Each structure stands twice: as C-alpha cells, then as structure tokens.
Amino acid sequence: MITDAIFIDIDNDGDEDLIVVGEFMGVNIFYNQNGSFNLASTNLSKYKGWWQTINSGDFNGDGLPDLVVGNHGLNSRFSASDDYPIRLYVNDFDGNDQLDPILTFKSRDGEFYPYDLRHNLIDQMKPLKKVFPDYKSFKSATVKDMFSDEKLEESLKLDVNILSSSIFINKGEGSFELYQLPQRAQFSPIYSILVNDFDNDGDEDIIAGGNLFKAKPEIGRYDASFGLFIENKGSEGFVIPKNGYGFNLSGEVRSIISSNSNIVVGRNSDSLAVFKNINE
C-alpha cells in the first residue's frame, strides 16, 4: 500500500538510496549498494502509520538529510499507539472467495473492536446478521465474538501505531529521532510537502497541505487544513506563524511544487493555486 517514495543519499556515501512510505507501513529505507537496493534495518521501520507523502531536508544543519512525512493527523476519531494500535484484519471471513478487511482498535480491556457499524459489516458479510440480529447484540462485540480463533489467527494482520505527521532527524548509522510537527499540522491529513529555505534565514522550512473530503458520514470529512507554512526556528524547533506568511488556501491539496520562484499547488476538483515566493 505504497503512497510515496524518494531517492536521497540518506547515509552520505555518495549514491542515492530509496525511501518508501505507505499505509500500514513503517518508513522503509533501501540502501543503494552498487546499484542493488537492500532493505535496511533502522528504527524507522517500527513507526507504522497511514503515511501519505515524504520529503527530505537538512533541518538541523548537521550535513545529514532528515525526513518529514505526512500522516493522517490527530484530529479524528482514530487514535493509535504502541500499546493501543489500530489493526486491520484481512481474510475471506464469509467464505465467498472475496477478501474482507475489518478495521479495528485495541481497547483498554485488551480486546479489538471494529470501527465499522453493524449495518456496514452486514452489507459486507451477510452471515453476521444471524450472529447479531440487532444493534443491542452488536454494541459490545469484539472481533473474537464475530469470528473463530482459527480465522483470526490465519488472517493477515496489519497494525498502525502512529498517526502524527512527523519529522525524523538523522542521527547517523541508521538511527533517527522522532519529532511531531506542531499541533496545527495535525488538524488534517497531509498529502504533499515542499522543503526549502523559504524565508532566506539559512535553514530549511516546510510548506504542506492536505485534507480528505470523501469519507463516511459517521467519520466526517477532513477539511481543517488551509495550507501550512512551518517555519524552522533552529533551536526553538518548528513553529507555524499565525499569518502563515500568506500561504493560505482551501481544498484537497495533492501536490505542491516549486517552479520559477513560484509555489504551485494542485488540488482535487479545483484550479491550480500559484503563490509568488517574494523572498527569492
């Protein structure tokens, strides 16, 4: 479920390596070893997210490339951590030769409960109507109440343990330190990121955008982002100026590029938005 990839020399050995992100995945580095790409063992692989986009920059000025990755954000009904992950079970649960994905969350009691409502699950798997004839019988049901231990054990299980859009500072030798982007950057999913020294102060800043409108009614659409200028303040970390330095727009942002001193933003079902970078 790959969503984005970049080529950068992450280990500073003179050739470009491949970094891949996606949904229900960690941040995976493939080191370039004489033209052959091999999956590296780094601490990035443990951060399983709904990653949507990745870019790089030397944010702390130490000569090593760092990573900034857009995720689902922290402003929704979904939450995930190491102790309480989101888990996707995938199997042919009703025996009709079609795979059934069941999205669940781990509760404080240690059990996994479905996110989907009863009628959605029954539309997907008709036999569940006999197991749960009404909403009362369904309200406290775990996945163990729905399916046999054997079915669950043989299922493909994919976990998510982080939903924050984040920066990973490269400490060298395959080690990275996690920093969450500021709170306003967590209001909505981030789908595109551009890195540059936009304010000409000697360090690299971030422009980002996202939103997701097509979501089920019980979840609600994600429309709380109006574009983000995230300023690198050095030892003070990253901050989001209240005025956004003029970078403000609505819509589902899916692409942000730099072209001829302009910042060009592509949005779903909308026109291109063009911003002049007056500091260049």
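Which residue in strand 20 does Asn262 stand opposite? In this predicted model, in which residues are numbered from 1 along each chain as its sequence is written, local features need pLDDT of at least 70, side-chain atom pairs count only at pLDDT 80 or more, and totals for chains, interfaces and linings use all residues. Side-chain values use heavy atoms, with hydrogens and water left out. The residue opposite Asn262 is Lys276 in strand 20.

The secondary structure of the protein comprises five helices and 20 strands, taken as DSSP runs numbered from the N terminus (helices: H or I, at least four residues; strands: E, at least two). The C-alpha trace spans about 65 × 45 × 35 Å along its principal axes. Of the 280 residues, 49% are buried, that is, under 20% relative accessible area with a 1.4 Å probe and protein chains only. Among contacts (heavy atoms within 4.5 Å) between residues at least 6 apart in sequence, 48% join residues at least 24 apart.

Strand 19 (residues 262–267) is joined to strand 20 by four bridges, and the two run antiparallel.

A further open sheet, also antiparallel in its pairing, contains four strands in the order 6-7-12-13. Strand 6 (53–57) and strand 13 (175–180) each have a single partner strand, so one side of each is left without a neighbour in the sheet. The twist from one strand to the next averages 25°. Five bridges link strand 6 with strand 7 (residues 66–70) in an antiparallel arrangement, and Thr53 has Gly70 in strand 7 as its bridge partner.

Strand 9 (100–106) pairs with strand 8 (residues 86–91) through six bridges, the two running antiparallel; Ile86 stands opposite Phe105 in strand 9. Strand 9 also pairs with strand 10 (residues 112–114) in the antiparallel sense, over three bridges, and Pro114 in strand 10 is the bridge partner of Thr104. Strands 9 and 10 form a hairpin with five residues between them, and Gly110 in the turn has a positive phi of about 90°.

The largest pocket holds about 660 Å³ of space. A pocket is defined on a 1 Å grid over the protein atoms alone as an open set of points where a 1.4 Å probe fits, with protein on both sides within 12 Å along at least five of seven lines; lining residues have an atom within 4 Å of a point. Volume is the space filled by probe spheres set on the points, which are joined across faces, edges and corners. Of the 26 lining residues, Trp50, Phe78, Leu103, Leu212 and Ile219 are the closest to the centre of this pocket. Strand 2 (17–25), strand 9 and helix 1 (118–124) each supply at least two residues of the lining. By class, the lining has 16 nonpolar, four polar and six charged residues (nonpolar: Ala, Val, Leu, Ile, Met, Phe, Trp, Tyr, Cys and Pro; charged: Asp, Glu, Lys and Arg; polar: the others, Gly among them).

The second largest pocket contains about 310 Å³ of space. Phe59, Ile169, Gly234, Gly237 and Phe238 are the closest to its centre of the 19 residues that line it.

Terms used: Two strands pair if DSSP finds at least two bridges between them. Axes are lines fitted to C-alpha atoms, for helices over the stretch in contact, and angles run from 0 to 180 degrees between N-to-C directions. Buried means under 20% relative accessible area, exposed over 50%, partly exposed in between (1.4 Å probe, protein chains only).
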